[in-house]
2 protein chains.
Amino acid sequence: MKTPGEIRSQSHADMTLPPRCLACPVQASSLCGAIGEEAAKALAAISHRMRIPAGRAIYGATQPARSFAIIVSGVVKLVTAKPDGRQQIVGLQFPSDFVGRPLMEPTSLSAEAATTLELCCFSGRAFEALMRDHPDIERALLKRILGDLDRARDWAFLLGRTTAQEKVATLLHVIAERLTRPPSHEMKDEPRRIGLSLPLSRMEIAECLGLRLETVCRQMTRLRSQGIIATSGRRRFEVLDMDALKQCAPGLAMSTPA
Amino acid sequence: MKTPGEIRSQSHADMTLPPRCLACPVQASSLCGAIGEEAAKALAAISHRMRIPAGRAIYGATQPARSFAIIVSGVVKLVTAKPDGRQQIVGLQFPSDFVGRPLMEPTSLSAEAATTLELCCFSGRAFEALMRDHPDIERALLKRILGDLDRARDWAFLLGRTTAQEKVATLLHVIAERLTRPPSHEMKDEPRRIGLSLPLSRMEIAECLGLRLETVCRQMTRLRSQGIIATSGRRRFEVLDMDALKQCAPGLAMSTPA
DNA sequence: CGGGTCGTTGACTCGAATCAATATAGGTGG
DNA sequence: CCACCTATATTGATTCGAGTCAACGACCCG
C-alpha cells in the first residue's frame, strides 16, 4: 500500500471522479453523495464494480468476508438461520444502501443476493483505513447505520403487531417505494399505478414476514381481488391503487432510506 | 499517530477522571471504557449524573431532546406507537448501554424509563462536538450502534419465528443475563440459580414479544410448573434452572452487549 | 383495612399454520 | 418449436396456538 504521503493529498486536486461514478444511478442518494468531494474521490479510487448472480452469499458463516459495498442495482436479503432450520429474513437492502459490517466481527447473520446485483465494492482494509483519514466517511456511515437501525425496529413492529394482511401490504409497499425511485427522487406526482419485477419469491416474502408461504399467497390473492394489485407470471407485479395499498399498511416509516 | 497538538494532550494530562467515573459500575463495559484516556477525560468533563423515575419519557414525540446518556443502572424501553393505539417495545437498553440518537432527527420511536434510572448524561451539542474532536469516541459509538443493530435483528427473529413459550423464555433469559452482570463479567462459574427484580410488568413483557398479557401469564405459569423459574410478588423472580431456561430459548445471540 | 391495579385462570373464538391436492410458469431436451 | 418436467404458486380442508372475553384473586398503595 502507498504511504499516505504526497500522492494522496497532492494529486487529489487534479483527480477527478471516474466516469462510472459520474454516471452512477445511486451516487446522489448513497454514502458517496453524503461526503465531501475529496473523500468521494478517495473512495472512488479504491472502489470497483462487481456483478453478482442471484442466490450468491455476500457474507455470512461461510465467508466472513471483510469487504463492503454499496448496492447499485438489485436487492440483498439479510438472513438469520438457527441450527434447527428455522430462518428469518431480518432486513432487505436496496439500491444506494450499504452492505457490510465495518469494525465488527461477523455474526450468524448472512447477506445473500436476492436478485442479480450490481455492487460498488471496497476492500475491507482499505475502506477502514479511509474511514480513519476522512471523518466525514465515518460520520456518513454512522448516519446510515442509524437509519438501518430505525428500519430494523420498524420491521420488529411489523412482525409483532400486525395481521398477515398488513404484513404483506406493507412489504409490497416498501418494495414498490424503494425500487421505483432508484435515486432518492422527490415525491412529485406519485403515480397511482406502477409495475415492477418482484425481487422475492413467495417463500422469501413469507420468510421476511414470519408467515407461511400459503398465507402470503392467500393475502396476495385478497389484495388482487380487491383490485389493489395485479400479478402476472411469478415475478411481475403491479400496484393498481397505491393509496389503497398504503391504507392497508400501518405506520411504516420503513420506506425512507437512511 | 499523536502528531496533532502536544498542547492538548499536555493540558489534559493533569486532568484526572472524576471520582464518580472511577467508582462507576459500568465504566469498563460502556462507551467510556472503549475510548482513549484523553477522550474519556474530555467526556467526563461534560457529563453529569441524573436520576429519573420509572415511567418518565427520555425522548420521543413529546420531547425531541438532543441529549445522550449511558445507563448506569435501570432499564430503558424503546417503544413505537402507531396512531391506532397499537404499540410495540422494539428494544430494551440495559446498564452500560447508550441511549440517544446523535446526528439523527427524532423519529416516532420513544424511549422511556422502565425502572428508576441512573444516567450519565451528555448534552447533545457538547457530545457531538466532542465526537468531532475525538475520532475514537465516534468509532466506539459506531461499534455500539452496530451492536444495537444486531440485537434489533435478533429481536426480529424472535418476533417472527418463535412460539409464545420461546419468546417468554428468551426474554427472561436476556433480562437475567444483562441484569446479573452489570459489568461485562467473564462468564466464570455461571450460577444455576439467580434471583432478581423484574424490570417489566406483564403488560410490558407482552408488548416486547408481540403477545397478549394473558398469554405471557400462561407461559410464565408453565415455566413455573416446570420448575424452571419461580416468582413471588409482582416483580420478584428467580431462575431456578438456567440451563433449562436456555434450552427453551432458540439461538439468542441477543444477550451479549455491543 | 379498603380500594384499585395488576396478575392469574378459565371458556371460547379466530387467524394463521398445517396438510393435501392441483394448477401454472418457465426452463429443458427432444 | 413443442412437449415435457419440475419448481413454484394457488386453492381447499382441517387443526392448533394465541387472542379475546370474562371472572376471580393477590398485591400494594394510601
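Reader: What is the mean pLDDT of chain A, and which helix of chain A has the lowest mean pLDDT among its elements?
Author: In this predicted model, 85% of the residues of chain A reach a pLDDT of 70 or more, and the mean for chain A is 87. Among the elements of chain A, α7(A) has the highest mean pLDDT, 98. Over residues 1-13 of chain A the pLDDT is below 50, and this stretch has 3 contacts in the model beyond near neighbours in sequence. The lowest mean pLDDT among the elements, 45, belongs to residues 6-12 of chain A, that is, to helix α1.

Reader: How many helices and strands does chain A have, and what percentage of the contacts in chain A with a separation of 6 or more is accounted for by residues 24 or more positions apart?
Author: Chain A is made up with 9 helices and 11 strands. Of its 258 residues, 44% count as buried. Among the contacts in chain A with a separation of 6 or more, the share from residues 24 or more positions apart is 77%.

Reader: Which rotation superposes chain B on chain A, and what relation is that?
Author: Chain B is superposed on chain A by a rotation of 180°, with 0.0 Å of shift along the axis and an RMSD of 0.0 Å. That is the relation of a two-fold axis.

Reader: Why can it be said that the copies meet through the same surface?
Author: The contact between the chains involves 35 residues of chain B and 36 residues of chain A. Because 100% of the interface residues of chain B are also interface residues in chain A, the copies meet through the same surface.

Reader: Which element supplies the largest share of the side of chain B that touches chain A?
Author: The side of chain B that touches chain A comprises 17 nonpolar, 8 polar and 10 charged residues. At least two residues of this side are supplied by each of β5 (87-93) and α5 (135-161) of chain B. The largest share, 19 residues, comes from α5(B).

Reader: Which residues of chain B are in contact with A:I145, leaving aside its neighbours within four places in sequence?
Author: The largest nonpolar core has 144 residues, and those touching the most other members are A:V76, A:I145, A:A156, B:V76, B:I145 and B:A156. In soluble globular proteins, nonpolar side chains tend to be buried together. Once its neighbours within four places in sequence are set aside, A:I145 is in contact with B:L142, B:I145, B:L146 and B:L149.

Reader: Which element gives the most residues to the surface near DNA strand C?
Author: There are 20 residues around DNA strand C, and A:T163, A:T215, A:G233, B:R202 and B:T221 come nearest. Two or more residues of this surface are given by α8 of chain A and by α7 (202-209) and α8 of chain B. By class the surface has 6 nonpolar, 6 polar and 8 charged residues. With 6 residues, the element that gives the most is α8(B).

Reader: From which element does the largest share of the surface near DNA strand D come?
Author: Of the 19 residues around DNA strand D, the nearest are A:R202, A:T221, B:T163, B:T215 and B:G233. The elements giving two or more residues here are α7 (202-209) and α8 (213-225) of chain A, together with α8 (213-225) of chain B. This surface divides by class into 6 nonpolar, 6 polar and 7 charged residues. The largest share, 6 residues, comes from α8(A).

Reader: Is A:T162 buried or exposed?
Author: A:T162 sits in the loop between α5 (135-161) and α6 (164-180) of chain A. Leaving aside neighbours within four places in sequence, A:T162 is in contact with A:K167 and A:P250. The C-alpha atoms of A:T162 and A:Q247 are 13 Å apart, although 85 residues separate the two along the chain. Because A:T162 has 21 other C-beta atoms within 10 Å, where 20 or more are required, A:T162 is buried.

Reader: What is the phi of A:S96, and where does A:S96 lie?
Author: Most residues other than glycine have a negative phi. A:S96, which is not a glycine, has a positive phi near 90°, and B:S96 likewise has a positive phi of about 90°. A:S96 counts as buried, because it has 27 C-beta neighbours inside 10 Å. The place of A:S96, with its phi near 90°, is the loop between β5 (87-93) and β6 (98-99) of chain A.

Key. Residues are numbered from 1 along each chain as its sequence is written. Chains are lettered from A and ligands numbered from 1 in the order in which they are written. This is a predicted model: local features need pLDDT of at least 70, side-chain atom pairs count only at pLDDT 80 or more; totals for chains, interfaces and linings use all residues. Copies are superposed by least squares on the C-alpha atoms of residues with pLDDT of at least 70 in both. Two residues are in contact if their C-beta atoms, placed from the backbone, lie within 7 Å. Helices (H or I, at least four residues) and strands (E, at least two) are DSSP runs, numbered from the N terminus. Ala, Val, Leu, Ile, Met, Phe, Trp, Tyr, Cys and Pro count as nonpolar, Asp, Glu, Lys and Arg as charged, and the others, Gly among them, as polar. A residue is near a molecule or strand if its C-beta atom, placed from the backbone, lies within 6 Å of it. A residue is buried if 20 or more other C-beta atoms lie within 10 Å of its own, exposed if 12 or fewer, and partly exposed in between; C-beta atoms are placed from the backbone. pLDDT is the predictor's confidence in each residue, from 0 to 100. A nonpolar core is a set of buried Ala, Val, Leu, Ile, Met, Phe, Trp, Tyr and Cys residues joined through C-beta atoms within 7 Å.
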